[in-house]
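User: I have a chain open and want to go through it with you. Can we start with the overall layout?
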Amino acid sequence: MTYALFDATIKRTKGDVGDPIVIMPLKTAIAYASNSTQINDSYIKAFKEAGLIG
């Protein structure tokens with residue numbers, strides 16, 4: 001969440017392996033949010049157009 005809130009990125013180069021201390025909580029948070037919310041497709045489109053999601 002800190003990375004998202006401060007618009008930061010984890011810089012990686014080819015062959016890097018993500019740090020599990022960072023990656024696992026992020027994956028857990030994404031899965032939890034995805035499973036517990038329902039979002040209209042128009043919101044997804046707007047988020048993509050705004051560059052908030054890929």
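Analyst: Reading from the N terminus, the elements run α-α-α. Note that this is a predicted model.

User: How many helices and strands does the secondary structure come to?
Analyst: Three helices and zero strands.

User: What share of the residues counts as buried?
Analyst: Of the 54 residues in the chain, 0% count as buried. The cut-off for buried is under 20% relative accessible area.

User: Which residues form the nonpolar patch on the surface?
Analyst: Ile-39, Tyr-43, Phe-47, Leu-52 and Ile-53. Together they have about 500 Å² of accessible area.

User: Where is Ile-39 found?
Analyst: Ile-39 sits in the loop between helix 2, residues 20-36, and helix 3, residues 41-50.

User: Switching to Thr-37. Where is that one?
Analyst: Thr-37 is also in the loop between helix 2 and helix 3. Thr-37 counts as partly exposed because its relative accessibility is 42%.

User: What lies 2.7 Å from a polar atom of the Thr-37 side chain?
Analyst: The backbone oxygen of Ala-33. That distance is within the 3.5 Å cut-off for a polar contact.

Note on methods. Residues are numbered from 1 along each chain as its sequence is written. This is a predicted model: local features need pLDDT of at least 70, side-chain atom pairs count only at pLDDT 80 or more; totals for chains, interfaces and linings use all residues. Side-chain values use heavy atoms; hydrogens and water are left out. Patches are made of residues with over 30% relative accessible area and no salt bridge: like charges are joined within 9 Å, nonpolar side chains (Val, Leu, Ile, Met, Phe, Trp, Tyr) within 5 Å. Accessible areas come from the Shrake-Rupley method with a 1.4 Å probe; for residues, only the protein chains shown count as cover. A salt bridge is a side-chain nitrogen of Lys or Arg within 4 Å of a carboxyl oxygen of Asp or Glu. Helices (H or I, at least four residues) and strands (E, at least two) are DSSP runs, numbered from the N terminus. Buried means under 20% relative accessible area, exposed over 50%, partly exposed in between (1.4 Å probe, protein chains only). A polar contact is a pair of N or O atoms within 3.5 Å; within protein, one must be able to donate a hydrogen and the other to accept it, and residues adjacent in sequence count only if both atoms are side-chain atoms.
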